[in-house]
Amino acid sequence: RECLHSDMDTEDGSVKYVLTGDGAGTIFEIDEKSGDIHATRRLDREEKSSYTLSAKAINKTSGQVLERASDFIIKIHDINDNEPKFSKDTYVASVPEMSSIGAFVMRVTATDADDESYGNSAKLVYSILQGQPYFSVEPDTGVIRTALPNMIRENREHYQVVIQAKDMAGQMGGLSGTATVNITLLDVNNSPPRFPHSAYHLSTPESAEVGSSVGRIKANDADAGVNAEMWYSVLDGDGQDVFSIVTDATSQEGVITVKKPLDYESKRTYSLRVQVTNTHVDPQFGHLGPFSDTATVRIAVTDVDEPPVFGRSHYIFEVDENAPPGSSVGTVSARDPDATNHLVKYTIDRHTDLERLFNINSNNGTISTLQALDRETSKWHNISVLATEISEHSLVPVFIKVQDVNDNAPEFAMYYETFVCENAKAGELIQTISAVDTDEPVIAHQFVFSLSTVNPNFTIYDNEDNTARILTRRGGFSRHEMNSYLLPVVISDNDYPIQSSTSTLTVRVCACDRSRNVQTCSTEALLLSAGLSTGALVAILLCIIILLMIVVLFAALRRQKKKEPLIISKEDVRDNVVSYNDEGGGEEDTQAFDIGTLRNPEVIDTNKMRRDIIPEMLFPFRRISPIKDNTDVRDFINCRLQDNDSDPTAPPYDSLATYAYEGNGSLAESLSSLESSATEGDQDFDYLSHWGPPFKKLADMYIGKETQRET
C-alpha cells in the first residue's frame, strides 16, 4: 500500500486524487479523498516486475488541476514462490567402463524463475539422491562424475541416478526439483577370449569332400560388439595340412573344414592345436591379457565303404584295324581301397558300346575286340569301364585308337568330264587327274598312274606328284565314228601291302573351234544326224500346243450344255406350276371336279416361259377351262390376291398359295350340319341314293341307320 498527498490539500474534502498509468483502475486503485494507493489482486513478479503510474490532484468543484501530475514506479519485491525446474525429466548418458574416479559423465542444469538479484530465492544447489556410491554431482555446476574406479560393464551395465536442484542455496525451507539420469557403461575390450574346454573331440567320414565342415568350436568373450570379435587359426599338429579352420563372422565360431581328401586306411586320427585371438585389442588394457587362448582338437576319421579306385584317371589304348575278333586291346586295373579289400569285377558300360565292338574280362580287366574294326569308319572308340565290389562301383573312360592298315586302294579324287576335240593333234593334253586314298600313310601318299592296256587313242604320263596327264596318241577323231571313249586308268599306292584300283575315264568327242573351245558334243550331233533341225522341233511343239487347246475348248462346250438349272430344289415354289393327275373322288367319277376352275383365264393366255430353267417340252400343253365365266371363283381369287399384295409380311418373291373353295354350284350343297336347323333325327337321307355311284356307300350308311332307328 502506498499513499500520495498534495500540499494543496487542506483536508477539507475539496481535493480529489486521480491515478493513471500501467494497471490503473485494474490492478491499482487510489482513494480519491486520502490518496492511498492499493492493489486489487495478487501480484506476480515473474509476470511483471514493475509498473509506471501517474497521479494528480484536482478540485472537485471546479475540476481545476491543483498540482501537476507526479510520475512514480512501483517495483514488485520477489519472494521464493517458484521451485527449480530441469529442462528434461529424464536424461540419458554413457561413460566407458573401467573409467577412473571423477570421469565426466554429463552436466544437468535447472532454472528458477525467482529473482536472482534479490536474496537466495534463485540460488541453486545440486545434490544426488540416488546412484551413490557409483556417481557424484558437483553442487554448483550440476556436472555428474564417476565416484568409483574400474566399474565393469560385464558386472553391471545400467545405472539410474536421481539429481536434485534446491534453491535458497540449499537451506532448509527452499524449493527443489528433481531429474532422472539413466547412465550406461560402454564396453571396452577388457575381457580376453577363453575356450570353455581345453580339448575338443570331433569325427568325420573318410568320404567327406574337400571344403566340407567337420565341426565347430567357440570361445567365450564377455565383451560386446567389435570388442568381442575373434579370429581362429591352427597353430600346429599333425592335421594342419589336412584340416583348416575358418571364422564364422556371424556366430563368432571356428569352423573346422577338410583341406585334403581323407583315407581311413592311411590315417585314422588327427590332432590340431587351435588358437583364438581378439581382432581389436586396446593397448590401454593390454595388462589384462593375453587376449588369446588355445585348445586342442582331435579329429577321428571313420571308415566308409568306398568304390574301387582305378590306377589311372583314364586309359588310352591302340589296336590295328581289321584285327581278328578276340584281339587284346589293353588292360585296366582297379583296387578296393577299404581294409576288407573285396574282389573287383569289371564290365563295359554298354551305353558307350552300342555296337558291341569290345569285351572285357570280368576278373583281370583285359579288353578285347568282338569284331574287326575299320579305321575309315571310326578312328577312335570311347568306352567306359565299370569296376564293382559288392555295392560300390566306379567308372573310368577308355579311349581306343584304331591304327591304320593299308586296306583301301586309291581312286579318282573327283568325277572328271573329259573331252577331246575332233581337230586334236597327237600328244595334246586333254585332262589332268589326281587320286585320293582313305588310308593314313606313314609318311605321305605316293600314287602311280598307268593304263591297264596299251590304248591306240590315248596315253598317260605320271607327273610323280600324285597327278597324271592324259594325252592323245593320235589325231583325226570324229563324232560320227565314235562319240566317246572309255579309258581304264590303274592307280596304285606305295604302302604295304600295295593296293591298286582301276578307274574308268570317259572321254567325249566334241566339235571345237580353232582355239580348242568346245562348241557341240556328241548328243547334239546325234540329233542333227536324225535330220531334225531346231525349226522342225519348234513347229512340232506348236502343233502339240494347238491340239491341246482344241481339246480343252471342246470339253468346256460339252460341259456347258450339261449345265444344271439354277433352281433344283423341289420345295422352291417360286414361279413353279404344279400339275396333278388325280382321278377324283372315285373310280367312276371323272368329272366331279375340274381344277381348271381355279385358273385365271387371263393368266393362262399369257403363257410366259421361265428363264431360270430349261422347259421340259417345246410346246407345253394348254388346258382350256370348260368354265369361261366362273364369277365366284374369280372374285375369291382376286380377293386373296389383294390381301397378299397389301400384306407387309408377305415374301418378296412370287409364291403359289392353294385355297380350298367349295363354290356355290355344288349339287350336294354343304354336308356340314353346323348351319342346319333340323336335328339328325329330322333329316331324310333318301336323296343320297339319287346322287350316283360316288355316294352309294354314304347313302347305305345313313339310310340303313335311319331304318334301324324306325325299327
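Leaving aside its neighbours within four places in sequence, which residues is Asn-382 in contact with? Asn-382 is in contact with Thr-352, Val-398 and Phe-399. Contact here means heavy atoms within 4.5 Å.

## Basis of the model

This is a predicted model, in which local features need pLDDT of at least 70, side-chain atom pairs count only at pLDDT 80 or more, and totals for chains, interfaces and linings use all residues. Residues are numbered from 1 along each chain as its sequence is written, and side-chain values use heavy atoms, with hydrogens and water left out.

## Around Asn-382

Asn-382 sits in strand S30, residues 380-389. Strands (E, at least two residues) and helices (H or I, at least four) are DSSP runs, numbered from the N terminus. The residue is partly exposed, at 47% relative accessibility. Buried means under 20% relative accessible area, exposed means over 50%, and partly exposed lies in between (1.4 Å probe, protein chains only).

Pro-397 is 15 residues from Asn-382 along the chain. The C-alpha atoms of Asn-382 and Pro-397 are separated by 7.1 Å.

## Two disulfides

A disulfide is a covalent bond between the sulfur atoms of two cysteines. The criterion here is a pair of cysteine sulfur atoms within 2.5 Å. By this rule the count is two. With the bonded cysteines numbered in sequence order, the pairing is 1-3, 2-4.

Cys-421 counts as buried because its relative accessibility is 5%. Cys-512 is also buried, at 13%.

Cys-510 and Cys-521 form a disulfide too, with sulfur atoms 2.0 Å apart. This link is right-handed, with 95° about the S-S bond. Cys-510 lies in strand S39 and Cys-521 in strand S40 (residues 518-521), so the pair ties together parts 11 residues apart in sequence. Cys-510 has a relative accessible area of 0% and is buried. Cys-521 counts as buried at 17%.

Two further cysteines are partly exposed: Cys-543 at 48% relative accessibility and Cys-639 at 35%.

## Strands around S39

Which strands pair with S39? Strand S33 runs parallel to S39, joined by four bridges. Val-420 stands opposite Val-509 in S39. Strand S38 (residues 484-492) pairs with S39 in the antiparallel sense over nine bridges. Here Ser-484 has Arg-508 of S39 as its bridge partner. Two strands pair if DSSP finds at least two bridges between them.

S40 is antiparallel to S39, over three bridges. Ala-511 stands opposite Thr-520 in S40. The hairpin of S39 and S40 has five residues between the strands, and Arg-516 takes a positive phi near 65° there.

## A nonpolar surface patch

Val-538, Leu-541, Leu-542, Ile-545 and Met-549 form a nonpolar patch on the surface. Together they have about 490 Å² of accessible area. Leu-541 is found in helix H2, residues 534-561.

Patch residues have over 30% relative accessible area and no salt bridge; like charges are joined within 9 Å, and nonpolar side chains (Val, Leu, Ile, Met, Phe, Trp, Tyr) within 5 Å. A salt bridge puts a side-chain nitrogen of Lys or Arg within 4 Å of a carboxyl oxygen of Asp or Glu. Accessible areas come from the Shrake-Rupley method with a 1.4 Å probe; for residues, only the protein chains shown count as cover.
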